[in-house]
Structure formats: structure tokens, C-alpha cells
Amino acid sequence: MGRAFAAVLVLALACGCTVQGGDGDGKRHLPVRIEVPKRSTPPPDDKASDKASDNASDDASDKADPTPESSAAPAVLWSRGDSGLGVRELQARLRQVAWLYDGPTGSYDDLTERAVKGFQGKRGLPRTGKTDTVTWQRLKKMTHEPGKWKLYLMGGQPADAPDARCLTGRVLCISKTSRTLRWMVDGRTLTTVPVRFGAVGTPTREGVFHVYWKSRHHVSTLYDSPMPYAMFFSGGQAVHYSADFAARGYAGNSHGCVNVRDEAAIADLFAEVRNGDKVVVHW
């Protein structure tokens, strides 16, 4: 009897049905309801479970050990002691925003370093005085590309090839293209200096001339302006030192003369040049 009841009980568990129970004394008892829980969702897929576990692991890893942002300093393009065309452009752009007043010289000197520090500090950048990529891009956005004579505002430009008429004898060979004067003897260049010419209304004459008069402390009677170390070659036009050229560079013009801004260089030149030496003004 016991075994038979156990079998019925197993069947009931399997089917979830109601059975009548008894204890062998012939008495009937209340029915016993046995519910077998039904599965509401299918068993989890192993692959999906593994993927969810990996994602959870990744999320936990990201939260526990986040990847730090790059803290590398921007690359330095130019710093004190550097020189070249890039430094000239930097200086020309700093002049545009009134952080530099001298130059451009093409040499990264103390004045340039100080100007860069000022520019950086004004914009919340580290005041290193070195021009890094961040500083350079910020400066470029605030300025325009300088032209040739802004890059060489105070001289320093390379001279072009001498005119063929300059290759013999003693010659002041003056190029309007490169704005330079070469002092040449028998085809050999001894000195090269930047020069400035007359404005549109008072142009410097072109051609072949000769020095006919030298005047060390000359003052113009027409414009009442000093013309030190004057070497006259065509009427009232002369090669001479100009304090205005020294101060403003190519931002100004002469009244037709050939201006030199390097006083020491023209003093030496004045001592070398003789009356009768050739002067060639060319493009």
C-alpha cells in the first residue's frame, strides 16, 4: 500500500493534479493540492549569458580603471635661439596684434620670447615663451598671412643676382626687385645692405650713373631733412643714411633717394666709394 501511494504521489507531482490522500485507517481526508511551478521564461542561452557577463565585466573595468586623457604637452615649433623664415612670420604676426614692435628679424630673441609670453598669458595659455602648436594656431586665427615686405619690414632679405652692368669696375649695384645694394669691385660683392626707394610720386630713377659728389653731413635744402653720408649720383638723388628707414623700415618711402638703414654699414661704404664710381639702378 505504501509503495502504491508513493507512485500515485509521484504521478501527481508530475501532472500537477489533485489527489485524495489516506493513511490506511479507512478514513477519508481533505484533498491535497500539489502545484508544480511552471517555467515562465526559457532557460538562458549560454552565449548570450557569456556576452552579458563580458559586458558587465567591461563596464565594471571601465568604472574601476578609466583610461586617462592624454596629458602630453603640445609640440614646440620655435623657441629662443631659433632663426629662419618661420620665426620671421611669427614676429610679423605678433606685430599685427601689437605684442611686438621691433623686427621682424628672423631671430627668436628676448623681445620675441617676451611677446609670446604676453600673448599666451592674455589667452589663458601656459606662459612658456615658446611657440608651441596651440599658441601658433591661436595666433594664426587672429592674424593674416604677411606679405614679403612685412616679413622683411626692417631688411634682411636676400639679394638677387647682380645686373650684368655691375660685373666690371667699382659699382654701387642697386636692385629694386630685392631692395638691396651691393658694393662690388670687379664682379666681387664686398657689402650687401637693404635699401628703400622713392614713393610713386617721387620715384628713384633707373639706369647707369656715376657718383659726382659726396657730402658727409648733408641736409636737404628742398625737404629740410638730414641726409648723412650722401653720395649723389643723379641730380638731387643720392645714396644716404635714413633715420626714418632705420625706425620704420619699408612702412615709409624716400623722396627719390636710395635710403640705407644700417648707419655703420653706410659709414664704411662712404669711406670706400670714390667720386666717379659707377651706380647701376635696375629691376
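Strands β5 and β13 run side by side in the parallel sense, paired over 5 bridges; two strands pair here if DSSP finds at least two bridges between them. This is a predicted model, where local features need pLDDT of at least 70, side-chain atom pairs count only at pLDDT 80 or more, and totals for chains, interfaces and linings use all residues. Residues are numbered from 1 along each chain as its sequence is written, and side-chain values use heavy atoms, with hydrogens and water left out. The protein comes to 8 helices and 13 strands; these are DSSP runs numbered from the N terminus, helices being H or I of at least four residues and strands E of at least two.

**Strand β5 and its partners**

- On the β13 side, Ser175 has His282 as its bridge partner.
- β5 also pairs with β6, this time in the antiparallel sense and over 6 bridges.
- In β6, the residue standing opposite Ser175 is Thr180.
- The hairpin of β5 and β6 has 4 residues between the strands, and Arg179 takes a positive phi near 55° there.
- β5 is largely enclosed by the rest of the structure, because 5 of its 6 residues are buried.
- "Buried" means under 20% relative accessible area, "exposed" means over 50%, and "partly exposed" is in between (1.4 Å probe, protein chains only).
- Across the protein's 283 residues, 36% count as buried.

**The nonpolar cores**

- A nonpolar core is a set of buried Ala, Val, Leu, Ile, Met, Phe, Trp, Tyr and Cys residues joined through side-chain atoms within 4.5 Å.
- The largest one has 23 residues, and those with the most contacts inside it are Leu172, Ile174, Leu181, Val195, Met231, Val239 and Val279.
- At least two residues of this core come from each of β5 (170-175), β6 (180-185), β7 (188-196), β10 (226-234), β11 (237-241), β12 (258-260), α8 (263-272) and β13 (278-282).
- The top contributor to this core is α8, with 4 residues.
- There's a second, separate core of 12 residues, and Leu90, Leu100, Val116 and Trp136 are among them.
- Contact means heavy atoms within 4.5 Å.
- Looking at contacts in the protein with a separation of 6 or more, 51% are between residues 24 or more positions apart.

**The largest pocket**

- On a 1 Å grid over the protein atoms alone, a pocket is an open set of points with protein on both sides within 12 Å along at least five of seven lines, while a cavity is a set where a 1.4 Å probe fits but cannot get out; lining residues have an atom within 4 Å of a point.
- The largest pocket holds about 450 Å³ of space; grid points are joined across faces, edges and corners, and a volume is the space filled by probe spheres set on the points.
- It has 25 lining residues, and Tyr223, Ser225, Met227, His240 and His255 are the closest to its centre.
- β10, β11 and α7 (243-248) are the elements that give two or more residues to this lining, and the largest share, 4 residues, comes from β10.
- By type, the pocket lining divides into 9 nonpolar, 13 polar and 3 charged residues.

**The cavity and Thr131**

- A search of the whole structure turns up 1 cavity of 30 Å³ or more.
- The residues lining the largest cavity are Leu90, Leu94, Val116, Phe119, Thr131, Thr135, Trp136 and Leu139.
- α5 gives the most to this cavity lining, with 3 residues.
- The cavity lining divides into 6 nonpolar, 2 polar and no charged residues.
- Thr131 sits in strand β4 (residues 131-132), and it counts as buried because its relative accessibility is 1%.

**Asn259**

- Asn259 is found in strand β12 and counts as buried, at 3% relative accessibility.
- Asn259 and Tyr241 are 18 residues apart in sequence, and 5.7 Å apart in space, C-alpha to C-alpha.

Terms used: Ala, Val, Leu, Ile, Met, Phe, Trp, Tyr, Cys and Pro count as nonpolar, Asp, Glu, Lys and Arg as charged, and the others, Gly among them, as polar.
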